[in-house]
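Please look over the sequence and the model shown below before reading on. The paragraphs that follow lead from helix packing to the overall build and then to a pocket.

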Amino acid sequence: MLEAVDDLLVEQGYAAMTMKGIAERAGVGRQTVYRWWANKAEILVEACVADADELLTSPRPDPADDLAAYLLAMTRFLTRNDAGRAYLALIGEAQHDPAVRELVEGADVLTSSTRAVLARVRAVAPGMPADRLAAAQLTGPLLSEILIGPKPFSQRQLRTHVEQLLRAWGD
């Protein structure tokens, strides 16, 4: 069912997607879908979390390599992966629907992986701020560019961003 949701989101968009359509695409009855999820947002969140956990975990021994690889994986997740695009759709919907906002806030789609990579490099970055601010400093420019920019940052731009952060955090 999670794959059906990803496919339908890409084909139809969030607004046009229905629980009935999800059931039909997955080859199950609507009752089966409603047994597990109350609405389409819940299904999308679950699909996003599963894919993000798998795709955003790739530790590297060198801190700069680790952060740069993480940002590249996040870029690919959000721009090339159906679940990543679903997450972006959910972020948009969360601006208008308090129930979706609550789901997105509680889902921890990107937070856990971001905190994990920051924890791995904290030892070489004594000036790193608290997790929430450090996460915003690391991922904020990337998310902004993906959400409103013409195209995501290149690998080289991501590496430059990481090196600047590590210099700032090294103080």
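Are α1 and α2 parallel or oblique to each other? Helix α1 (residues 2-12) and helix α2 (residues 19-26) pack with their axes 9 Å apart and at an angle of about 120°, where axes are lines fitted to C-alpha atoms, for helices over the stretch in contact, and angles run from 0 to 180 degrees between N-to-C directions. The two helices α1 and α2 are therefore oblique to each other, since angles under 35 degrees count as roughly parallel, over 145 as roughly antiparallel, 65 to 115 as roughly perpendicular and the rest as oblique. The crossing of α1 and α2 is right-handed, a crossing being left-handed if the near helix is turned anticlockwise from the far one by less than a right angle, and right-handed if clockwise. On the α1 side the contact is made by Ala4, Val5, Asp7, Leu8 and Glu11, and on the α2 side by Gly21, Ile22, Arg25 and Ala26, with contact meaning heavy atoms within 4.5 Å.

This is a predicted model, in which local features need pLDDT of at least 70 and side-chain atom pairs count only at pLDDT 80 or more, while totals for chains, interfaces and linings use all residues. Residues are numbered from 1 along each chain as its sequence is written, and side-chain values use heavy atoms, with hydrogens and water left out.

The protein chain has 10 helices and zero strands; helices (H or I, at least four residues) and strands (E, at least two) are DSSP runs, numbered from the N terminus. Taken along the principal axes, the C-alpha atoms of the chain fill a box of roughly 55 × 30 × 30 Å.

The axes of α5 (residues 63-80) and α10 (residues 155-169) come within 9 Å and cross at roughly 135°, which makes α5 oblique to α10. This crossing of α5 and α10 is right-handed. Among the residues that meet here are Leu67, Leu71 and Arg76 in α5, and Leu158, His161 and Trp169 in α10. With α8, by contrast, α5 packs at an angle of about 170°, the axes being 9 Å apart, and that makes α5 roughly antiparallel to α8. In this contact Pro63, Asp66, Leu67, Tyr70 and Met74 of α5 meet Ser113, Thr114, Val117, Leu118, Arg120 and Val121 of α8.

The last stop is the largest pocket, which holds about 580 Å³ of space. On a 1 Å grid over the protein atoms alone, a pocket is an open set of points where a 1.4 Å probe fits, with protein on both sides within 12 Å along at least five of seven lines, and lining residues have an atom within 4 Å of a point. Grid points are joined across faces, edges and corners, and a volume is the space filled by probe spheres set on the points. The pocket is lined by 21 residues, of which Tyr87, Leu110, Thr111, Arg132 and Leu143 are the closest to its centre. Two or more lining residues come from each of α6 (82-94), α7 (98-107), α8 (111-121) and α9 (131-148), and α9 gives the largest share, six residues.
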